[in-house]
Amino acid sequence: NVTIAYTPEEEALEYQIGAYEFRLVRQTRELLRIGGEMRNCVAGYRTKVLRKEFSIMTARTEDGYAICIELDGRHRLLQAYGPWNRPLSGDALLACRTWVALGGLTVAFSRLAPADLSAAEDWDVRPLHPELLDGDSPE
């Protein structure tokens, strides 16, 4: 098990959006747990995560992991899927699209469907590290 270090810019991507808590993977052993619970191959990303070729984010609800996200080294979203690598839909899609907008991220190579973000206007949306955001925060 190895601890994964992140820049303040990367840590500023962690948000609570409605029922979804978006967090970076902090320990390599988490990749095994995520892969097992979500039934995906994220555990195989260990070396690439340690080399900073990719970052892995997850979004959890009280029921467990709901979204697994792969970002490249330039923080472009490459993949965002639910359990069993199913495309996101419903609230999970809305939460992920909201997170992408808050982070000012580019979606590259992903099949992330569009979503009407106005449907989440009444959701609690807050950064988990507000001290890391600049004055241009969308909040």
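Predicted model: local features only at pLDDT ≥ 70, side-chain atom pairs only at ≥ 80, totals over all residues.
1. Start with helix 2, residues 28-38. Its buried residues are Thr-28, Glu-30, Leu-31, Ile-34, Gly-35 and Met-38. Viewed down the helix axis, these buried residues fall within an arc of 135 degrees, so they line one face of helix 2.

2. What do the buried residues of helix 2 pack against? Their partners are helix 3 (46-50), strand 3 (54-61), strand 4 (64-72) and strand 5 (76-81). On the other side of helix 2, Arg-29 and Leu-32 are exposed. Just after the helix, Arg-39 has a positive phi of about 60 degrees.

3. Next, the aromatic pairs. The structure holds two. In one of them, the ring centres of Phe-22 and Trp-99 are 5.4 Å apart and the planes meet at 5 degrees, so the pair is stacked. Phe-22 belongs to strand 2 (residues 20-24) and Trp-99 to helix 4 (residues 90-103). The pair thus links distant parts of the chain, 77 residues apart. Both Phe-22 and Trp-99 are buried.

4. Is Glu-14 buried or exposed? Glu-14 is buried, because its relative accessible area is 0%. Leaving aside residues up to four places away in sequence, Glu-14 touches Phe-22, Arg-23, Leu-24, Arg-26, Met-57, Pro-127, Leu-128 and His-129.

5. Arg-60 lies over the face of Tyr-65, at 4.5 Å from the ring centre.

Terms used
Residues numbered from 1 in each chain as written. Heavy atoms only, no water. Buried < 20%, exposed > 50% of the residue type's maximum accessible area, 1.4 Å probe, protein only. Contact = heavy atoms within 4.5 Å. Helix = DSSP H or I, 4+ residues; strand = E, 2+ residues; numbered from the N terminus. Arc of directions from axis to C-beta. Phe/Tyr/Trp six-rings, centres within 6.5 Å; stacked < 30°, edge-to-face > 60°. Lys NZ or Arg CZ within 6 Å of the ring centre and 35° of its normal.
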